[in-house]
Amino acid sequence: MSELLALAPLLRKYTWLIVAGLLLVMAANAFSLAPPWIIRQAIDSLTAGNADHQTILRYAVLLISAALLGGAARYGMRQLLNGVSRQVEFDLRNQLFDHLLRLDAGFWSRMPTGEIMSRATNDIAAVRMVAGPAYMYLANTVFVSLFAIGLMVWLNPRLTVIALIPMLLLPPITITFGNVIHQRFETIQESFGAMSTMVQENLAGVRIVKAYRREPRQVDRFSAMSVDYLDQNVA
């Protein structure tokens, strides 16, 4: 959670865009839950035998309207929240570059250039996914759960309790898998940094590589690192 809070200063100046995006998330979920209720009303009317052509047309219009409004809300929430994440990525990359230029020579002698390149590209892209899509999907999950559970309780409280019993297993499973994925993702980022360093060193010293005819050896090294990177991502 502390890692997420670290993004707060970057997100603060986009507060109103984020609030608007979250409101659209709520609206999108409300519209997505409307069709089952509309269909239920339509079926009840047909079963009761009091549904004429005008009633059926009204329910059809309501279904189409809910779909269109839900689609518009989802489009808007993605535009706003993903747009904010791009702005955060832009701000963070500029701050990182400005910070790098202010570091002393000792840092540059200790830190491989490829590792720094990885931080400035791949790692910041990962932060962007947290600053936009991750918050959006988290809010989406919370809102749809609240709306769905509320609707379920309204329809049948007893059946809702029975249906939610398996959900007790969800938190420990999610935490376990989340920890595993987080650890593997950190390994992937380290592997990408090592691979970037290898590429940078070979491009910077390409004359030496060619002078000593080490091309096949470097190709084999890069292929092995690429296979390792692929395996880690698949895992």
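A: Helix H6 bends by about 35° at Arg119, where the bend at a residue is the angle between axes fitted to the seven residues ending there and the seven starting there. The model is a predicted one, in which local features need pLDDT of at least 70 and side-chain atom pairs count only at pLDDT 80 or more, while totals for chains, interfaces and linings use all residues. Residues are numbered from 1 along each chain as its sequence is written, and side-chain values use heavy atoms, with hydrogens and water left out.

Helices such as this one are DSSP runs (H or I, at least four residues), numbered from the N terminus. H6 covers residues 113–155, and at 1.5 Å a residue its 43 residues should span 63 Å, which agrees with the 60 Å between its end C-alpha atoms; the expected span is 1.5 Å times one less than the number of residues.

One partner of H6 is helix H4 (residues 53–102), which packs with H6 at an angle of about 150°, the two axes lying 9 Å apart. Axes here are lines fitted to C-alpha atoms, for helices over the stretch in contact, and angles run from 0 to 180 degrees between N-to-C directions. That angle makes H4 roughly antiparallel to H6, since angles under 35 degrees count as roughly parallel, over 145 as roughly antiparallel, 65 to 115 as roughly perpendicular and the rest as oblique. The residues of this contact between H4 and H6 comprise 15 nonpolar, five polar and seven charged ones, with Ala, Val, Leu, Ile, Met, Phe, Trp, Tyr, Cys and Pro counted as nonpolar, Asp, Glu, Lys and Arg as charged, and the others, Gly among them, as polar. H4 passes H6 in a right-handed crossing; a crossing is left-handed if the near helix is turned anticlockwise from the far one by less than a right angle, and right-handed if clockwise.

Helix H8 (residues 170–204) also packs with H6, at an angle of about 135° and with the axes 7 Å apart. That makes H6 oblique to H8, and the crossing of H6 and H8 is right-handed.

Within H6 lies Met152, which is partly exposed, with a relative accessible area of 31%; buried means under 20%, exposed over 50% and partly exposed in between (1.4 Å probe, protein chains only). Met152 and Ala163 are 11 residues apart in sequence, and their C-alpha atoms are 9.5 Å apart in space.

H3 has a kink of about 25° at Ala34, shortly before the proline Pro35. Asn29 lies in H3 and is buried, with a relative accessible area of 1%; between Asn29 and Gly70, 41 residues apart in sequence, the C-alpha to C-alpha distance is 7.3 Å.

Methods: Helices (H or I, at least four residues) and strands (E, at least two) are DSSP runs, numbered from the N terminus.
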